[in-house]
Structures are given as structure tokens and as C-alpha cells.
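Please look at the sequence and the model below before reading on. The paragraphs that follow lead from pairs of rings to a nonpolar core and then to a pocket.

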Amino acid sequence: MIENRGFIYSIVHLRTISALAVLIGHLLYSQENFFPGQGLIPPIYAIWAVDLFFVISGFIMMHVSFSIPQGSAEAKAFWYKRLVRMLPPYWVSTVAAFVLMGFYFSHKGIVQEFSADVLLKGLDSLLHSLL
């Protein structure tokens, strides 16, 4: 089934299935960590599903972006919308991960003190490593 810009629904469905397999693998692995000895080891398909998910995502991204004329207003709008959709959740989850890790590490005694200053230093290091 193909719709506007050659959108291939069967591939999107396969990507959804691979994402669910990754999620199930993580849940089973987490359960094994919390309840050891229950025999809940992540199945091998969950490990392969990560690779499949990234390959399909790359294919979809290239398929969609190649159908837009480069340098056109439509291409600029496409990339702008893509960045606006991706960057806020990325930064929210990054900051949340730093905060949660800080609390976890300070609770475990790995970090002696957790404060906004420690968080900002960590985020600053992350930004410098990305640039």
C-alpha cells in the first residue's frame, strides 16, 4: 500500500514490530535484573530488532528526503519541521537522564554532592563533546 510521496506502510509496520521487540527485550531484561533466576533473558530477536529498527528508519528517512527537491522551500520546511519535532524531546530526555543519574549516583555514594552546578557541568561537557 503506497500513499503520498511513496510512503510505504508495510515498512513502517515492520519498523513498529521491531520497536515493540526492542521494548519487550528491555522489559524482559529489566525483569531479570529485578527478579534474578526467573529465566527471563532477552531473546535474541530483541537484539536483532535494534539493528532492524535503525536500518528501516534510515531507509524511510532517505526515501522521504530524496523525494523532496534539494534546496527548495519544501526541503527547508521539511528539515525545519523535523528539527522542531526532534530536538525538544531530545533535550528534555537528556536533562531528565542527567538529573536521574545524579540522584542515583549521589544515593549510591558514587557522587558526593549532587547540585545544579554538577548538572550544568555535565551538560556543558555533553555540549562540548557534540560540537
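**From rings to core to pocket**

A search of the whole structure, which is a predicted model, finds three aromatic pairs. One of them joins Phe53 and Phe54: the ring centres lie 5.8 Å apart and the planes stand at 75°, so this pair is edge-to-face. The reasoning rests on a cut-off, because planes over 60 degrees apart count as edge-to-face. Phe53 has a relative accessibility of 27% and therefore counts as partly exposed. Phe54, at 58%, counts as exposed, because the exposed class begins over 50%.

Another of the aromatic pairs is formed by Phe78 and Trp79. Here the centres of the rings are 5.0 Å apart and the planes are again at 75°, so this pair too is edge-to-face. Is Phe78 buried or exposed? With a relative accessibility of 17%, Phe78 counts as buried, because buried means under 20%.

Ser65 is found in helix α2, and beyond its neighbours within four places in sequence, Ser65 is in contact with Phe78 and Trp79. Ser65 has a relative accessible area of 13%, so it is buried.

Phe78 leads onward to the nonpolar core. In soluble globular proteins, nonpolar side chains tend to be buried together. Which residues make up the largest nonpolar core of this model? There are eight: Val12, Ile56, Ile60, Met61, Val64, Ile68, Ala75 and Phe78. The elements that give two or more residues to this core are α2 and α3. The greatest contribution comes from α2, which gives four residues.

The final step concerns empty space. Rolling a probe the size of a water molecule over the atoms shows where such space is left. In this model, the largest pocket holds about 290 Å³ of space. It is lined by 14 residues, and those closest to its centre are Met61, Val64, Phe78, Arg82 and Arg85. Helices α2, spanning 44-66, and α3, spanning 73-108, each supply at least two residues of the lining. The largest share of the lining, seven residues, comes from α3.

How values were computed:
Residues numbered from 1 in each chain as written. Predicted model: local features only at pLDDT ≥ 70, side-chain atom pairs only at ≥ 80, totals over all residues. Heavy atoms only, no water. 1 Å grid on protein atoms, 1.4 Å probe; cavity = no way out; pocket = protein on both sides within 12 Å on 5 of 7 lines; lining within 4 Å. Points joined across faces, edges and corners; volume = space filled by probe spheres on them. Phe/Tyr/Trp six-rings, centres within 6.5 Å; stacked < 30°, edge-to-face > 60°. Buried < 20%, exposed > 50% of the residue type's maximum accessible area, 1.4 Å probe, protein only. Core = buried A, V, L, I, M, F, W, Y, C linked by side-chain atoms within 4.5 Å. Contact = heavy atoms within 4.5 Å.
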